[in-house]
Amino acid sequence: MENYVVEMLNIRKEFPGIVANDNITLQVKQGEIHALLGENGAGKSTLMNVLFGLYQPENGEIKVKGEKVNITDPNIANRLGIGMVHQHFMLVDTFTVTQNIILGSEPKKGGTIDIKTAEKEVAALSDRYGLKVDPSAKIQDISVGMQQRVEILKTLYRGADVLILDEPTAVLTPQEIKELIDIMNSLIKEGKSIILITHKLKEIMEVCDRCTVVRKGQGIGTVTVKDSSPDELASLMVGREISFKTEKTAANPKESILSIKGLRAKDSRKVEMVKGLDLEVRAGEIVGLAGVDGNGQSELIEAITGLRKTEAGTITLNGKDITNLPPRKVTESGVAHIPQDRHKFGLVLDFPVGENMVLQTYHKAPFAKKSMLSYKNIYEHAKRLIKEYDVRTPSAFTKARALSGGNQQKAIIGREVDRSPDLLIAAQPTRGLDVGAIEFIHKKLIEERDKGRAVLLLSFELDEVLNVSDRIAVMFDGKIVANVTPEETNEQELGLLMAGSKLEKEGGR
């Protein structure tokens with residue numbers, strides 16, 4: 001008999017018009033990191049939400065340590081030692097780390113919350129697992145990577161032995177990913193078990209013991225990772241061969257589309273993040289923006305798109321000054337924007353998918369006639385994009401909130417690319433996407449380049465920057481410190497440049 005800490009046997013979960021989990025079986029051993037791999041919308045998060053008690057299955061059974069259980073809500077899951085860190089964090093921004101961790105399980109002293117004792121417990125847990133979290137810091141003041149550690153601490157504080165991590169590296173920098181892997185390994189040494197939902201094959205190969213693959217709601221099988229390969233996992237996931245190298249011809253850059261001179265911009269704390277930056281993107285090229293998160297990339301993108309006021313410098317598009325124009329004016333000048341944060345800047349989550357597809361153009365013909373919206377035209381347009389970009393949704397009338405993160409992303413990309421902009425800004429365009437979708441998006445970016453568009457790609461995935469870009473602009477401390485081509489550099493050299501090192505081969509670049 002195998003020593004399974006969790007067994008999900010023949011789980012079936014249905015929603016109106018869709019079978020999300022079609023008799024899937026998942027068996028997790030004590031003390032292993034078990035990957036759950038599948039395309040966007042394959043049913044991975046749904047299956048884990050069943051295990052965590054957020055959904056109730058139509059069929060199947062769950063066993064914890066060999067005993068059949070009925071998990072009807074997350075409190076029962078917590079009592080059984082199951083904790084979940086969701087893809088989109090569930091933290092109160094204005095609360096401290098400690099207040100978030102103890103929420104719902106507050107220690108009391110004399111009828112009031114004993115925050116001092118709680119802070120000591122949180123600090124002890126943080127030290128024990130090497131999480132290095134400040135118990136008194138406010139959530140709004142800490143990095144995304146640190147917020148994720150708070151979510152992990154929340155589960156440990158409640159005594160979790162099985163941790164479900166849903167796309168944990170989707171929003172992390174390379175350094176934070178390395179630190180998270182160290183944390184996962186230390187948790188396993190403590191006797192915990194981890195279920196890791198991810199699209200990133202490299203991470204599966206690095207940290208996971210076994211991998212269960214799901215495709216279109218069905219279990220395809222479980223493999224031992226050390227006996228497998230990225231190619232095998234990718235083909236199991238999507239049902240076909242996947243190319244990891246983006247095929248493209250050499251770029252043929254023409255006239256300047258975007259020209260930035262001496263740009264300065266501050267963040268929301270009034271700290272200068274963009275410090276006299278110069279950048280040019282020409283028609284027919286993809287410029288990759290490489291840098292460690294927090295070096296001014298987000299502020300630069302927000303300044304170009306009109307979401308942030310600049311302090312000095314100029315931004316010109318096709319020779320026209322667009323500095324500090326409102327976002328709609330920037331959009332109408334010929335700029336499309338795939339934002340880093342799809343929930344905050346990309347979608348209205350409680351609008352249907354169809355209406356999200358026209359957020360930039362709803363006020364124009366054929367979607368509006370004499371100030372009245374033409375829903376017929378809006379939804380015909382949406383259905384075409386849903387099909388073209390393979391957005392997995394029950395219908396165009398489904399709320400955007402109900403889609404998986406990857407399908408939300410594909411809806412945004414379809415909307416922005418379809419407008420045929422002069423400048424396409426793609427910020428983290430493949431965050432949270434599976435390898436099949438990544439391959440598709442990379443092809444779309446190259447197609448736009450080949451149509452003569454200018455593409456500015458911001459990505460924290462160095463292999464993506466190297467694979468897709470024609471030229472790489474390295475950003476450090478608010479400035480472009482180097483311009484290199486993928487052919488003349490590598491991940492190690494880029495990493496040094498991103499850390500502010502000057503390379504001898506750089507010459508006077």
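Mentor: Let us begin with N10, which sits in strand β1 (residues 4-15). Phi of N10 is near 55 degrees, a positive value in a residue other than glycine. This is a predicted model, in which local features need pLDDT of at least 70 and side-chain atom pairs count only at pLDDT 80 or more, while totals for chains, interfaces and linings use all residues. Residues are numbered from 1 along each chain as its sequence is written, and side-chain values use heavy atoms, with hydrogens and water left out.

Trainee: What makes residues 4-15 a strand?

Mentor: Strands are DSSP runs of E with at least two residues, and helices are runs of H or I with at least four, both numbered from the N terminus. The run 4-15 carries the name β1.

Trainee: How is the chain divided into domains?

Mentor: Domain 1 covers 4-238, domain 2 covers 251-334 + 421-509, and domain 3 covers 346-420; such bounds come from an automatic or database domain assignment. The centres of domain 2 and domain 3, taken over C-alpha atoms, are 26 Å apart. In contact (heavy atoms within 4.5 Å) are 17 residues from domain 2 and 14 residues from domain 3.

Trainee: Why is the pairing of K444 and E388 called a salt bridge?

Mentor: The term requires a side-chain nitrogen of Lys or Arg within 4 Å of a carboxyl oxygen of Asp or Glu. The N to O distance for K444 and E388 is 3.2 Å, so the pair qualifies. Between domain 2 and domain 3 the count is one salt bridge.

Trainee: Which helices supply at least two residues each to the side of domain 2 that touches domain 3?

Mentor: They are α10 (327-332) and α15 (435-450). The largest share, five residues, comes from α15.

Trainee: What is the area buried between domain 2 and domain 3?

Mentor: It is about 1,300 Å², of which carbon and sulfur atoms give 59%. Buried area is the accessible area (1.4 Å probe) that two parts lose on being put together, summed over both.

Trainee: Where is P366, and what is the peptide bond from A365 to P366?

Mentor: P366 lies in the loop between α12 (353-356) and β19 (368-369). The bond from A365 is cis, with omega near 5 degrees.
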